[in-house]
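Visitor: Please show me the structure, and then I will ask about some of its parts.

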Amino acid sequence: MNAPAPRPQTAGHLINIDNGGTLTDICVIAADGRVHRTKTVTTPHDLSRCLFDGLRKVSRSLYGEEDLQRLLLATDYLRYSTTQGTNALVERKGPRLGLITAGTLEGSALATLDSGLFESLVGGRYTHLDLGSGEAALETAVTRAVTALTSAGANRLVVAVGGAGSEAEEKRLKRILLRKFPQHLLGAVPILYAHEVVADEQDTRRAWTALFNAFLHPAMERFLYRAEAQLRQYRTRNPLLIFRNDGQAARVAKTIAVKTYSSGPRGGAEGARALAAHYGFARLLSMDIGGTTTDIGLVENGEVRTERRGRIEGVPSSFPLCDVTSVGVGGSSILRVVEGRIEVGPDSVGGAPGPACFGFGGREATITDVFLLKGLLDPASYFGGEMRIDVERARAAVQERLATPLGLGLEAAVAAAESAWVEKVARSLRSATAGHPETVLAAFGGAGPFLACRIAEAAGLSRVIIPGLAAVFSAFGIGFSDIGHVYDQRLPSADAASLEAVRQQLLEQARRGLFAEGASLEQCQLQFTLQVTVGDQESSRPLAADAGLPADLPKGAALSLHLEAIKPISHARLEGRFGVATQPAQAQGSRQVAGQALPLYRMEQQPAGAQASGPAVLEEAFFTCELQAGWRFELNSAGDLLLTAVSSS
């Protein structure tokens, strides 16, 4: 392994963007160290619009006037994460896939893993080839298969072969298909070969990974290349970097679509890991509540909990995925009455039409409408005062959708809705908090801080940290990523010659890949790992750059070599400490919440070290928190809040 490359210091701005289903968050770490952030409503019909709307807004924060050109010219790196691919899969909005299998792998084997998902993505558009029928017969069979699948509506094909020699057989089929259906012809159907996506000994997992990638590719390609082209018009210093679900970033042309799945929650996880390390939290449970989902992750002993073979909608994939539990409850979740009780989500009104109080045509009741009616939200200060929300529209929606069906008055319906919302979030936390009362809860996302104390109490926790950048914390977390690439290749045999040949091939791939990122291998951190597979059992072993094969390898094990190449780039930074509170916080008036006048503490107007006890309302430009009785807060110099149950302090 090479010595760690030095961490570069930024000479320009760092821009991090997290594009969610309801809101798009922008966090700019300026060259002078100050952080500027904003939010804009996501425009699903054209994601580049909300991207550039947000950049224009944040340029006003930096310069006092809108100057997008100046902002982009002064930027070193622009890192971007989007839920576009994830949403496409959830909503089943993508190409009609066709599947060609051969060898020991059959489409029916994939369907049994998740028949519903397979039915949505592939349906009946799959066929199996006999590889032993001779070259002429195979060419005829391949031609007929492609013709039949495209006639059935497939507009993108995946080829996956199972068994020994699967990569060689897929390459053989590729040669035939390129002869029979050359790609330069108009209307040529894109064909993806499973071995080109990942080297994985488990055939069904590798095939599913290829299917996921083929399904996500078109939507991601169209938007990301369009966004990159628009940025290029401003002569940006470096290309757009896509933050991936492995915690690293790469340019659009070097990123595969499946790596963008769940990348937003990974940004929050990377931020939580940095937060835990900075404050010395041994166990930090992150609760990222956005408009549509609550994403829950765990950082324990400095590590983000990760699944070696991450699941996508319950189906194992070939790639590691951050072990994030996503629950369909957020600030824009639809509240409805079902069989005499309030049901929360999982569907959401998103950013369009949004909650009823947004005034964009939405008529469903959401928790945002409930908090407005309760008095927790102030129409004059919501969204930093940039969005006026309508109490009467919220009242009409809650009365029609909740109060009347329940036979309750408006106030009682508001209280019932709040309790149902809290319980759904808390229920999703309990499996991670059971037996671990020392766990600290990190509450972020636009809706994370709202009722963090009540949620913590319901989950058995007594400490909550709300980052000063809570409303854009997943975007901020993206700023802890580097430029990174991962390369895998199977070893044809378990001997020193095969190992060295594959090692050199991976190094050459990495050299070419990093050259496209404007870096050399000498600037990178390199880590080799040997993947050992025996049946369904897998293990990983770090391998020095000049080491041979371990002597204790299991007999008959399948071996793959894995190379991770990381080019360090400028990171975000954390500051501030707790435990140095020196003065009482100063209230900026009061707010009527559920009929009670509570002190209002505006975070921007509090000095470092300010502290106070609840009940109270804590507010800054993009988040609001109700501090319950029996809790106190401490604000540090970084703007981070530590909420502590008084009885446990």
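This is a predicted model: local features need pLDDT of at least 70, side-chain atom pairs count only at pLDDT 80 or more; totals for chains, interfaces and linings use all residues.

Guide: Residues are numbered from 1 along each chain as its sequence is written, and side-chain values use heavy atoms, with hydrogens and water left out.

Visitor: Which residues that line the second largest pocket are the closest to its centre?

Guide: A pocket is an open set of points on a 1 Å grid over the protein atoms alone, where a 1.4 Å probe fits, with protein on both sides within 12 Å along at least five of seven lines; lining residues have an atom within 4 Å of a point. The second largest pocket has a volume of about 1200 Å³, the space filled by probe spheres set on the points, which are joined across faces, edges and corners. Of its 39 lining residues, the closest to the centre are E196, V197, K254, T255 and I256.

Visitor: How many residues of the lining of the second largest pocket are charged?

Guide: Asp, Glu, Lys and Arg count as charged; Ala, Val, Leu, Ile, Met, Phe, Trp, Tyr, Cys and Pro as nonpolar; the others, Gly among them, as polar. The lining has 17 nonpolar and 10 polar residues, and the number of charged ones is 12.

Visitor: Is strand β32 largely enclosed or open?

Guide: Strands (E, at least two residues) are DSSP runs, numbered from the N terminus. Buried means under 20% relative accessible area (1.4 Å probe, protein chains only). A616, L618 and E620 point one way from β32, V617 and E619 point the other way, and all are buried. With five of its five residues (616-620) buried, β32 is therefore largely enclosed by the rest of the structure.

Visitor: Which strand pairs with β32 in the antiparallel sense?

Guide: Two strands pair if DSSP finds at least two bridges between them. Strand β30 (residues 596-602) pairs with β32 in the parallel sense over three bridges. The antiparallel pairing has five bridges, and there E620 has F623 as its bridge partner. The strand in question, at residues 623-627, is β33.

Notes. Buried means under 20% relative accessible area, exposed over 50%, partly exposed in between (1.4 Å probe, protein chains only). Helices (H or I, at least four residues) and strands (E, at least two) are DSSP runs, numbered from the N terminus.
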